[in-house]
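Please look over the sequence and the model shown below. The report that follows takes up a few of the helices and their residues in turn.

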Amino acid sequence: MPRTKGDHEARRRDVSEAVWRVLAAHGFGGLTMRAVAAELGATTGLLTHYFRTKRDLVAYALDLLERRTAGRPRRTAGPGVSAVRAALLDILPLTDEATDSNRVWVSSWDTALADPALGADHARKYARSRDKLRDLIAEAQRLGELSPGDPDRIAAGAQAFVLGLVVQALLDAPAFPPHRQVELLDHHLAALAPTPGG
């Protein structure tokens with residue numbers, strides 16, 4: 001019986017889920033054709049229909065990571081500093097799902113650093129994130145909720161702060177539980193607020 005388009009799409013979804021489970025469990029260091037095939041309960045030969053090389057698999061996994069991250073539910077907030085706070089909270093590993101996603105992102109850094117093309121793509125993704133954050137910061141400044149200053153510089157500092165907090169929370173979860181991450185973020189934002197009478 002010939003395969004239908006629905007069969008093909010179902011198999012692609014199965015492959016995507018297997019790739020994600022390998023990434024969540026082992027990171028990019030453990031991402032191999034053999035590991036994905038084992039997770040899928042298939043042969044590595046089947047995977048060559050989807051990925052000709054290991055680099056193809058890695059590129060697909062990075063795309064899958066970005067799509068899953070973009071598809072995660074986001075906090076809603078009004079304009080101003082509450083929108084900045086919501087955007088930064090969405091980055092932190094405050095839930096199991098966000099923790100898995102952040103583990104995969106951090107493990108991807110080594111892969112991106114070893115491949116100039118993948119590294120450039122990662123840099124573009126982080127730059128887009130900074131640009132969105134910059135726009136939120138500029139609006140908060142316009143509303144008088146954040147101190148004046150270069151919104152690009154403030155966005156870069158805020159992104160660096162939360163990414164550093166992500167790494168600490170992943171490496172030492174007992175010392176950086178979700179409530180402490182939120183407290184540290186709020187302290188960071190409070191330092192950016194206008195001083196009374198200033």
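## An exposed lysine

Lys132 has its place in helix α7, where helices are DSSP runs of H or I with at least four residues, numbered from the N terminus. Lys132 is exposed, with a relative accessible area of 60% (buried means under 20%, exposed over 50% and partly exposed in between, with a 1.4 Å probe and protein chains only). The C-alpha atoms of Lys132 and Ala155 are separated by 8.8 Å, and the two residues lie 23 residues apart along the chain.

This is a predicted model, in which local features need pLDDT of at least 70, side-chain atom pairs count only at pLDDT 80 or more, and totals for chains, interfaces and linings use all residues. Residues are numbered from 1 along each chain as its sequence is written, and side-chain values use heavy atoms, with hydrogens and water left out.

## Packing of α5 and α7

Helix α5 (residues 81–89) packs with helix α7 (residues 116–142) at an angle of about 155°, their axes being 8 Å apart. That makes α5 roughly antiparallel to α7 (angles over 145 degrees count as such). In this pair, Val81, Ala83, Val84, Ala87 and Leu88 of α5 meet Leu133, Leu136, Ile137 and Ala140 of α7, contact meaning heavy atoms within 4.5 Å.

## The two sides of α2

In helix α2 (residues 33–40), Met33, Val36, Ala37 and Leu40 are buried. Seen down the axis of α2, these buried residues fall within an arc of 100°, so they line one face of the helix; the arc is that of the directions from the helix axis to the C-beta atoms. The face turned away from the buried side of α2 carries the exposed residues Arg34 and Ala38. Just after α2, Gly41 takes a positive phi of about 70°.

Definitions and conventions: Axes are lines fitted to C-alpha atoms, for helices over the stretch in contact, and angles run from 0 to 180 degrees between N-to-C directions. Angles under 35 degrees count as roughly parallel, over 145 as roughly antiparallel, 65 to 115 as roughly perpendicular and the rest as oblique.
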